[in-house]
Amino acid sequence: ANDEYLVVRGALDKDMLARLEIFLSQKRPLPAKMKNEGGNSDDERKERYDDRDSLVCWFSSFGECRWLHDRLAKIVSQVANRHWPLLQVDADGTAICEYEETQYTVYGPQQHFKAW
């Protein structure tokens with residue numbers, strides 16, 4: 001662990017990865033684009049295609065792949081929120097939050113995400 005990221009070894013076991021591969025094979029990622037949310041000019045709010053060179057799709061893990069949602073929520077509560085305690089937790093230590101959609105991104109050779 002360091003101040004900026006964690007590596008969670010064994011977060012998904014071999015069987016989970018096989019199930020996830022089957023689920024994700026049904027998704028159809030599309031070319032990704034970025035849209036600046038801030039700024040006052042129309043130019044600053046234009047969709048950009050050069051910051052992000054990848055394919056992406058979004059899905060509700062809660063609604064479409066519940067076991068994945070549950071696993072990721074457990075990692076958030078038991079690992080991430082213990083390292084960076086940003087979320088309130090209930091009596092069982094479960095994070096009290098609303099989860100966003102899950103992002104599935106595919107990168108090919110020389111593709112990138114250069115927004116940070």
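## Terms and basis of the model

A residue is called buried when its relative accessible area is under 20%, exposed when that area is over 50%, and partly exposed in between, for a 1.4 Å probe and protein chains only. Helices (H or I, at least four residues) and strands (E, at least two) are DSSP runs, numbered from the N terminus.

The structure is a predicted model, in which local features need pLDDT of at least 70 and side-chain atom pairs count only at pLDDT 80 or more, while totals for chains, interfaces and linings use all residues. Residues are numbered from 1 along each chain as its sequence is written, and side-chain values use heavy atoms, with hydrogens and water left out.

Helix 1 spans residues 14–24, and its buried residues are M16, L20, F23 and L24. Viewed down the helix axis, these buried residues fall within an arc of 85°, so they line one face of helix 1; the arc is taken from the directions from the helix axis to the C-beta atoms. The face turned away from this buried side carries the exposed residues K14, D15, E21 and I22.

The buried residues of helix 1 pack against strand 5 (55–59), helix 2 (61–64), helix 3 (66–83) and strand 6 (102–106), where contact means heavy atoms within 4.5 Å. At the start of helix 1, a side-chain oxygen of D13 comes to within 3.1 Å of the backbone nitrogen of D15. A polar contact is a pair of N or O atoms within 3.5 Å; within protein, one must be able to donate a hydrogen and the other to accept it, and residues adjacent in sequence count only if both atoms are side-chain atoms.

## Strand pairing around strand 5

Two strands pair if DSSP finds at least two bridges between them. Strand 1 (residues 30–31) is joined to strand 5 by two bridges, and these strands run antiparallel. In this pairing, L30 stands opposite V56 of strand 5.

Strand 5 also pairs with strand 6 in the antiparallel sense, over five bridges. Here V56 stands opposite T105 in strand 6.

## Salt bridges

The structure holds two salt bridges, each defined as a side-chain nitrogen of Lys or Arg within 4 Å of a carboxyl oxygen of Asp or Glu. One of them links E64 with K27, with the closest N and O atoms 2.4 Å apart. E64 lies in helix 2 and K27 in the loop between helix 1 and strand 1, so the pair ties together parts that are 37 residues apart in sequence. E64 is partly exposed at 39% relative accessible area, whereas K27 counts as buried at 17%.

A salt bridge also forms between D70 and R66, where the closest N and O atoms are 3.1 Å apart. D70 and R66 are four residues apart in helix 3, and therefore separated by about one helical turn. D70 is partly exposed at 39% relative accessibility, and R66 is partly exposed at 41%.

## Cysteines

A disulfide is counted when a pair of cysteine sulfur atoms lies within 2.5 Å. By this rule there are zero disulfides. C57 is buried, with a relative accessible area of 11%, and C65 is buried, with a value of 4%.

## S77 in helix 3

S77 belongs to helix 3 and is buried, with a relative accessible area of 9%. Its side chain reaches the backbone nitrogen of A95 at 2.8 Å. Leaving aside neighbours within four places in sequence, S77 is in contact with R82, G93, T94 and A95.
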